[in-house]
Amino acid sequence: MTQTLSFKQTSDLNPALSDPATKILKADKLLGRWVNTNPETRGIAEISIDRDGEHLSVDIAGVGEQGPIPWPRARPRVFANLEEEAGQRAIALTATFSWEFMMAETNIRVNKGVLVIVLSVTFRDNSGRLDYVNREFFYRQD
Amino acid sequence: MNEAQVQFAQVYDRVQVDSGTAGPIDLSGLMGTWINTNPDSGGIARMVISGSNESPSLRAYAIGPDGSIDWGAAELKVFRAGPASRVAAGFTSSYDFGFAETQLQAMILKGLIVLVQTHHFKDNSNRADYFVREYFGLDHGRY
């Protein structure tokens, strides 16, 4: 018996999505401590991605005036990344970091050994600051 | 609220925005029809971004096995190039198709839109949720 799959684009029908191997893609390439490639950044200093039982966790340290600022820990959502990294299928993450005064929605992936984060920042206070998008790059520091 | 009073999680966000800076958003770099640079894509073929500063919208057309699939119009949340910038530099949007939810997160880089799609299946097809990143160029019609 065959099942008719719903779709809204051809990628939804990619056989890799139904491959059991895709469901158990390893996060190894993302795990570890990642340091910003830009020593002058005024944004994110470093990112740590760890296993937390059956799940993953993402910890970020922002650049502060008197040292790093720890962000609230996030539990990311995991996605199969249909791009290949070094000939292997990989995973990508999305994670949301939330404070009373702002929220940062991020996507995180590794490309050629570099961890890339894109963050869309929404301010929730009345500071007049404007919502913005930014991207930063990180190298692994084990 | 002055600069010393603003809360921040990274120094980049410690800015004071005056009324002159916080003028109307400049959406000119975002408006238009954006074409996928990959002719072999199995994802979104083109996006049409239109509307006003107050209510910009997106209409996506995806590539299906038998031709184009109109995803319909969706609201855009626009993001600027920085916390004190007037220039639009990206957006987020979402579609709920019933069997799946699709989140879009876009950023303009070097004249291209870099679009990340994340797809979460809600049906019982047992397909893995997936992530796709693609590039879109503006159909400017000049050359």
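**Exercise 1. Decide whether Phe97(B) is buried or exposed in this predicted model.**

Solution. Start with the relative accessible area of Phe97(B), which is 18%. Buried means under 20%, so Phe97(B) is buried. Now take Phe99(B): its relative accessibility is 11%, so Phe99(B) counts as buried too.

**Exercise 2. Classify the aromatic pair formed by Phe97(B) and Phe99(B).**

Solution. First, a search of the whole structure gives 11 aromatic pairs over all chains. Next, look at the geometry of Phe97(B) and Phe99(B): their ring centres are 6.4 Å apart, with 25° between the planes. Planes under 30 degrees apart count as stacked, and this pair is stacked.

**Exercise 3. Find which ring the charged end of Arg46(B) sits over.**

**Exercise 4. Describe the interface of chain B and chain A.**

Solution. Begin with the contacts: 57 residues of chain B touch 57 residues of chain A. Then take the area: about 4,900 Å² is buried between the two chains, and carbon and sulfur atoms give 57% of it. For polar terms, there are 32 residue pairs in polar contact across the interface. Salt bridges between the chains number 1: Arg14(B) meets Glu65(A) at 2.3 Å, N to O. Finally, ask which strand of chain B gives the most to the side touching chain A. That is E8(B), with 6 residues.

How values were computed. Residues numbered from 1 in each chain as written. Chains lettered and ligands numbered in written order. Predicted model: local features only at pLDDT ≥ 70, side-chain atom pairs only at ≥ 80, totals over all residues. Heavy atoms only, no water. Phe/Tyr/Trp six-rings, centres within 6.5 Å; stacked < 30°, edge-to-face > 60°. Buried < 20%, exposed > 50% of the residue type's maximum accessible area, 1.4 Å probe, protein only. Lys NZ or Arg CZ within 6 Å of the ring centre and 35° of its normal. Contact = heavy atoms within 4.5 Å. Buried area = accessible area lost by both parts, 1.4 Å probe. Salt bridge = Lys/Arg side-chain N within 4 Å of Asp/Glu carboxyl O. Polar contact = N/O pair within 3.5 Å; in protein donor to acceptor, adjacent residues only side chain to side chain. Helix = DSSP H or I, 4+ residues; strand = E, 2+ residues; numbered from the N terminus.
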